[in-house]
Amino acid sequence: MFLYSLTLSRASGIQSAVYGNFSAPKAQEVVVSRGKILELLRPNENGKMQTVVATEVFGCIRSMAAVRLTGSNMDHLVVGSDSGRIILLKFNKDKNVWVKVHQETFGRSGCRRIVPGQYVAVDPKGRACMVGAVEKQKFVYVLNRDAAANLTISSPLEAHKSHHITFSICGMDCGFDNPIFAAIELDYAEADQDPTGEAASMAQKHLTFYEMDLGLNNVVRKWTEPVDNGANLLVAVPGGADGPGGVLVCAENFIIYKNQDHEEVRAVIPRRSDLPGDRGVLIVSYATHKKKAYSFFLVQSEYGDIYKVTLSYEGEAVTELKIKYFDTIPPCSSIAVLKTGFLFAASEYGNHALYQFVGTGEDDDDVESSSATLVQSEEGFQPVFFEPRPLKNLLLIDEMASLMPITDMKVANLLNEEIPQIYALCGRGPRASLSVLRPGLAVTELAVSPLPGAPTAVWTVRRSVTDEFDAFIVVSFANATLVFSIGEEVKETNESGFLGTVPTLHTQLLADSSMLQVYPGGLRHIRPDRRINEWKVPGRRNIKAAASNEKQVAIALQGGEVTVFELDPATGLLVEAEKRDLAEDVCCLELPPVPEGLVRASFLAVGTYDQTVRVLSLDPGQGLKNLAVQALNSVPESILMLYNSGPGADRSLEGGLFLHVGLQNGILIRSEVDRITGQLTDSRTRFLGTKAPKLFAASVRGSRCMLALSSRPWLGYNDQGRFNLSPLSYDALDYASGFASDQCPEGFVAVVKSTLRILAVENVGDAFNTQACRLRYTPRRLLIHPETRLLLIAEADHAAIPLAEREDLQAKMAAMMSEEGAPVQGVEFNDELAALEEQFGAPKGQPGQWAGCLRVVDPATLSTVFVTEVDNNEAIVSMALADLALPAGGAGVGGPQGGTEKLLVVGCAKGLRYMPTDCEAAYIRIYRLADSGKRLELVHKTVVDGGVPGALCGFKGRLLAGVGPTLRLYDLGKKKLLRKCEYNRLPHQIMSIQVQGPRIYVGDAQESVHMMRYKKTDNSFYIFADDIAPRYLTSVLPLDYDTLAAGDKFGNLVVLRLPREASQQVEDDPTGGKMATASGRLNGAPHKLEELVKFHVGDSITCLQRAEMQAGGQEVLLYGTAMGAIGVLYPFSNREDVDFFGHLEMHLRQEHPPLCGRDHLAFRSAYFPVRNCVDGDLCGQYASIPAKKQQMIAEAMDRTPGEMLKKLEDIRNKIL
């Protein structure tokens, strides 16, 4: 078995975000790390965050910082990763890629305690940077420039201190004096030697300054002082000419200003009035805004409250530290202030956001605490309280969808669509959701209006060449044409000059701002001064097809006569330039846009009914001679030519010209046209649907793209240098055209039957579009009921207050009930309440307190059909649908006598605690689905002992339950479950149980998979096979009778198989397993599972599913991760592909090593050596490497670069 691994949807969680000017001096950009992906984001003119480039670094990005050399106006990026190297990156705008400027090795690879990379701090003047480890090691690198003004880096200077744990590092601002780095450190040397634990309780954190002496080229510990033991974060204060210098130490409940030879200035952090007294307030993220006149800091607490911190100072003496409540947004892992007045918030969970500053927090009515008003009482410092309020200083501009974390996922076609849907449980607490993902792009419907009759085509026309937006929508019918003007509203107009009594075949705005209408009887040329020139078709023939660009018009008459007109710039008239009789009826024509700086386009593409496409030359005097002919296997329906601009700014000149042909059998052919000779090469085909694709030009991200309308609409566009063809999640469209207005700068107008619709595509570049349904608590488990096709969701939250006990909500809900007359069942059913809950977070309960609920959701409407809270402080830990045999005389259970019934089984733990996992009591609840699945009725609840019921599964009319490390078999009784058999020799904690026939696959939380059987005669279980390696499993999926796929929490994916001989032996065992249990090896099972495939994904895998992602496609393995990524493993069907992709991967490892200095082979083998799995993400980077390297690798593999790219595209199209 050989697999091809590919990420379908990149990780959407963000671990850290850094603001800087990376691509241009004034560019407002944010670099974010998403685990192993480095992404550059930039807000566009409308305030939408757009991905400029996303790079897979095949390593773990642990820390990042922007560094700007003195006198420079652009930033470099310093990255600390698990590669044991410090990396300096520079963004190349022309090629749209990150370029490695420096790579210095200082330690071993991997995320280790004493290998630096966890922290990176930069001197504000860009003269040095410090990279630190969690413990002991710190290195300082001096940054300089050589004669050519390129960045250079010194050898590292050590600032090590053994037995010291580091909590935070920052580069202090001290003007042009020697660079100083501050660190919060804890010395544990004494605590390590003292067995009584007394020294550990006395251990004290210190604030230490390290000075880098540029003259002596060494690092010294300049100053150290004890600091509050709750200190967790350092913020550098502007110094030199801009401020007093020094640092702000963020500690639990306090922010303290500290500097050498300066007394500390302490202020208490305002806290919410409803916060329990034993909970402190910690600062988790910060952003500094520095202007010439003044600077302030925005810091965010773990509850999401943002405070504005300001310092009053005279010279270098700070007199007062003020902390003022600013606003509340969901808790973030990083916040960044952009110079243009935006705040980028990278949320811990849920969607990331871009806010605009509408105030600077100068209001006096907001709560403020100050060091001047600090009151010390006997119990400590007196707290300052505030009430969170709706946003006042910030305004939400844009949201970036995030699925982090995906806790469970199912793939099923519940809505009878072409492709199955992915149902994923995402998020946490009040930001949790059930997301339905469909492959393709999301479409927003902006307007729908009815039309009189059935239209045959639609176009948009601008009034003048310089206009940004369209002025008219032209709709053609079988015998008439309607023109609508676009303004505040779309209404019919007569002032356009178009002929309304004939059907229109084509329209175009020409280069001199005149308009052209092509109709069956001729051409109508409407000049800018509204004079009209007509050209009538000679004889009784009609125009059958037409095409144009801003300077040329081509028409084809019945019988195959093609005529080309050109716009004469002197007279402003259309002049006949070339004419040719093809002697074959023409079905479609296409003229590409005129390239910049040229007078005309060089080619005309003609599709004819003899199943060919010809490329004709438009050069003067050539007489439209044939340059290339392509034979097709069906009649062409429509043609479109696009210039493919590569990544970066100046690639529009290098990009190729591509010819797209839609055939009547539903296939799209894409061929490259040589820009000099017109020859057609490198044809690629893709089946789009059952209808013949009609191709139209539209605009995406400022460049021309293709709309292909078949039985579903598709969009072909360039994204980061690669041509993507993605389906749109919308009904089939009949005709369409690009559309631009001030409300919708990049949309399209389309006709469907007899309606006109204006649509816009969102999130171009995403593999999936998402619809979400809000949930109340963190979702834990998802099931699909096979008969009713309803979704069952288990939700549970720790330290949360159950709905019934929340007094603040009960009052609000009662008020709403009196207004609306209907009771509100929960927060998530009311938009207003849910928005507030999402902004402020849910109130915090006590440790060990749980709230949870069971929910039934209808996938068609994404609405909750039924929800019930789980009482008694129970956490839902497992859930299954099982066919259970009803007890005889089943009156007690309330079902039919005898027989089986599909019941919902839920495992709960009361007062669940972790580290170690333990609970006060555990229960298994049985629910019946009443009203055809629309209601859950509790049948009974059984107390179980021995641990947490981590997994449940039906087995031959009975229930298998994994309670702690014990596997038990239960029968359904009238009042409770009846224990029939148990096996208590499993290692740690059962986390999954799967059944196939008589075999039971038990997944352990730390010791991988055990294959078991149940012996009915002895009423006992026995293990007949287990794994050779310990694996901390998170998900197990049986692939066939002998094979399983499993994912673990360290991000490893493995496929295990029981060898064929062993499998046969187990099935034919005459002793019924008696001998097998006695003959185990090394306390293990008699047989061992083979590892067929091993692969390190690089992110904790939370769920595995198998599905066909295309109608009639091959079955693939899908996985979801904790960072919100969705990936796929595609099984190769032939040996040739295995060799091809295996060799390509090998060449790319050599020629294109990962950006962060981690060895690719070592990364994919982080825990177990990679085996039988090709990394499709690395192979996909072939498209973005320099052309010379592409050529070299292709030659080494006896292919052309075009063939290589075609193979990569084909395999991607097979998957999605």
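Here is a short briefing on the chain shown above, from its overall build down to single residues.

This is a predicted model, in which local features need pLDDT of at least 70 and side-chain atom pairs count only at pLDDT 80 or more, while totals for chains, interfaces and linings use all residues. Residues are numbered from 1 along each chain as its sequence is written, and side-chain values use heavy atoms, leaving out hydrogens and water. The chain holds 11 helices and 92 strands; these are DSSP runs numbered from the N terminus, with helices (H or I) of at least four residues and strands (E) of at least two. Its radius of gyration is 34 Å, close to the 33 Å that the globule rule gives for 1216 residues, so the chain is as compact as a globular protein of that length. That radius is taken over C-alpha atoms, and the globule rule is 2.2 Å times the number of residues to the power 0.38.

**Overall build**

- Along the principal axes, the C-alpha atoms fill a box of roughly 105 × 90 × 70 Å.
- Of the 1216 residues, 57% are buried (buried means under 20% relative accessible area, exposed over 50%, partly exposed in between, with a 1.4 Å probe and protein chains only).
- Among contacts with a separation of 6 or more, 55% join residues 24 or more positions apart (contact means heavy atoms within 4.5 Å).
- The chain exposes about 49,200 Å², and carbon and sulfur atoms supply 49% of that area (Shrake-Rupley method with a 1.4 Å probe; for residues, only the protein chains shown count as cover).
- The 124 positive and 145 negative charges have mean positions 4 Å apart (Lys and Arg are positive, Asp and Glu negative, with His and the chain ends not counted; the charges are placed at NZ of Lys, CZ of Arg, CG of Asp or CD of Glu).

**Cysteines**

- A search of the whole structure turns up zero disulfides (a disulfide is a pair of cysteine sulfur atoms within 2.5 Å).
- For Cys60, the closest cysteine sulfur is that of Cys111 at 4.1 Å, too far for a bond; Cys60 is partly exposed at 27% relative accessibility.
- Cys332 is buried at 1% relative accessibility, and its closest cysteine sulfur, in Cys250, lies 15 Å away, again too far for a bond.

- Ser9 sits in strand E1 (residues 3-9) and is buried at 15% relative accessibility. Beyond its neighbours within four places in sequence, Ser9 contacts Phe768, Ala1125 and Ile1126.
- Ala412 belongs to strand E36 (residues 406-412) and is buried, at 16%. Not counting residues up to four places away in sequence, Ala412 touches Pro420, Gln421, Tyr423 and Ile784.
- Gly607, in strand E53 (residues 603-608), is buried at 0% relative accessibility. Its contacts, leaving aside neighbours within four places in sequence, include Val586, Cys587, Cys588 and Pro636.

**Backbone details to look up**

- The Met404 to Pro405 peptide bond is cis, with omega near -15°; Pro405 is in the loop between strand E35 (394-400) and E36.
- A cis peptide bond also runs from Met915 to Pro916, with omega near -5°, and Pro916 is in the loop between strands E73 (900-910) and E74 (921-930).
- Asn217, a residue other than glycine, has a positive phi near 55°. Asn217 lies in the loop between strands E17 (205-213) and E18 (218-226) and is partly exposed at 45% relative accessibility.
- Leu862 also has a positive phi, near 55°, in the loop between strands E70 (850-858) and E71 (863-870); Leu862 is buried at 15% relative accessibility.
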